[in-house]
Amino acid sequence: MNEALAASGGTALVEAMTTDAWTLAKQGFARLLGRGKPERQEIAVQRLERSRQELVGRTGAEVERARVEQEAAWRLRLSDLLEDDPAAEAELRVLVATFGTSASASGERSISIGGDNSGIASSGDHATNVQMRAEASGSGRVYQAGRDQTINER
């Protein structure tokens with residue numbers, strides 16, 4: 001369960017890095033990572049800013065690669081935090097709920113969906129980590145499913 005929460009937290013954090021919500025997200029995650037210690041909080045702010053700089057100014061495959069790397073790094077950090085301090089779970093859940101979903105639209109029939117599209121899909125005795133990201137523009141459509149999906153268009 002904490003692995004899924006850490007993954008959601010990493011995704012929410014990295015998604016927020018390139019939005020108008022960045023300042024609030026940075027403050028919230030720095031507070032979480034600092035655990036009430038100002039010097040640790042300041043170190044967290046510096047780390048968060050370095051991560052954001054990895055994304056800023058990149059485009060296309062380059063930004064996607066940087067995003068995946070940053071999400072993995074933050075997923076690991078948050079997983080370690082939850083292991084060391086289980087009480088941090090509630091605060092991380094609030095941050096994921098606040099910053100974990102983003103959707104925007106611009107132009108004709110355009111949509112970009114980000115945020116928490118990750119989780120655990122289970123079938124029988126096997127569980128698989130599922131992460132999805134979608135972006136469509138122009139007349140494009142996005143259909144995502146962790147398993148069965150039926151689409152009837154007219």
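## A network of salt bridges

Arg35, Asp85 and Glu91 are joined in a network of salt bridges, a salt bridge being a side-chain nitrogen of Lys or Arg within 4 Å of a carboxyl oxygen of Asp or Glu. This is a predicted model, in which local features need pLDDT of at least 70 and side-chain atom pairs count only at pLDDT 80 or more, while totals for chains, interfaces and linings use all residues. Residues are numbered from 1 along each chain as its sequence is written, and side-chain values use heavy atoms, with hydrogens and water left out.

Glu91 is partly exposed at 26% relative accessibility, and Arg35 is partly exposed at 25%, where buried means under 20% relative accessible area, exposed over 50%, and partly exposed in between (1.4 Å probe, protein chains only).

## Other salt bridges

The structure holds six salt bridges. One of them joins the side chains of Arg67 and Glu15, at 3.9 Å from N to O. Arg67 lies in helix α4 (residues 60-84) and Glu15 in helix α1, so this pair ties together parts that are 52 residues apart in sequence. Arg67 counts as buried, with a relative accessibility of 11%, and Glu15 is buried as well, at 10%.

Another salt bridge is formed by the side chains of Arg93 and Glu89, at 2.9 Å from N to O. Because Arg93 and Glu89 are four residues apart in helix α5, about one helical turn separates them. Arg93 is partly exposed, with a relative accessible area of 34%, and Glu89 is partly exposed at 24%.

## Packing of α1 against α2

Helix α1 (residues 2-16) and helix α2 (residues 22-34) pack at an angle of about 140°, with their axes 9 Å apart; axes are lines fitted to C-alpha atoms, for helices over the stretch in contact, and angles run from 0 to 180 degrees between N-to-C directions. Gly9, Leu13 and Ala16 of α1 make the contact with Trp22, Ala25 and Phe29 of α2, contact meaning heavy atoms within 4.5 Å.

The residues of this contact divide into five nonpolar, one polar and no charged, where Ala, Val, Leu, Ile, Met, Phe, Trp, Tyr, Cys and Pro count as nonpolar, Asp, Glu, Lys and Arg as charged, and the others, Gly among them, as polar.

Technical notes: Helix = DSSP H or I, 4+ residues; strand = E, 2+ residues; numbered from the N terminus.
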